Amino acid sequence: PDFIIWVKSNDTQHLIFVDPKGLGHAWAGLEDEKIKLHKNIKDIEGALGKKTKKKIALDSFIISVTRYQDLRNTFNKSNATSEENHILFQKDDKKHYIKKLMSVALTS
């Protein structure tokens with residue numbers, strides 16, 4: 001990921017890994033390793049919490065600079081499914097994608 005957002009709220013530290021990228025060549029679609037990170041990172045979160053005895057929340061997001069319309073054939077899913085897989089479309093949702101990212105990340 002290109003960016004890490006670190007937010008401390010109450011007794012939890014949220015570490016959010018953000019990777020802005022074009023997805024035009026993500027031929028594996030939702031099975032792409034970078035996209036699946038948002039699921040796989042939860043194993044690390046659990047192990048880290050046990051080891052440190054602190055509340056740590058890990059999350060990851062892909063910020064696509066490719067428009068959703070250009071990826072429909074690759075992903076063959078709805079935009080809602082993309083968001084469930086932590087893919088946000090910067091150009092399609094300029095006013096809300098950061099708010100969506102923070103909302104999801106800070107409630108996990």
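Student: Leaving aside neighbours within four places in sequence, which residues is Glu45 in contact with?

Tutor: This is a predicted model, where local features need pLDDT of at least 70, side-chain atom pairs count only at pLDDT 80 or more, and totals for chains, interfaces and linings use all residues. Residues are numbered from 1 along each chain as its sequence is written, and side-chain values use heavy atoms, with hydrogens and water left out. Contact means heavy atoms within 4.5 Å. On that basis, Glu45 touches Ile56, Ala57 and Leu58.

Student: Where is Glu45 placed?

Tutor: Helices (H or I, at least four residues) and strands (E, at least two) are DSSP runs, numbered from the N terminus. Glu45 belongs to helix H1 (residues 33-52).

Student: The structure holds one aromatic pair. Is the pair of Tyr68 and Phe89 stacked or edge-to-face?

Tutor: Rings of Phe, Tyr and Trp (its six-membered ring) pair if their centres lie within 6.5 Å; planes under 30 degrees apart count as stacked, over 60 as edge-to-face and the rest as tilted. The centres of Tyr68 and Phe89 are 5.4 Å apart and the planes stand at 75°, so the pair is edge-to-face.

Student: Are Tyr68 and Phe89 buried or exposed?

Tutor: Buried means under 20% relative accessible area, exposed over 50%, partly exposed in between (1.4 Å probe, protein chains only). Tyr68 and Phe89 are both buried.
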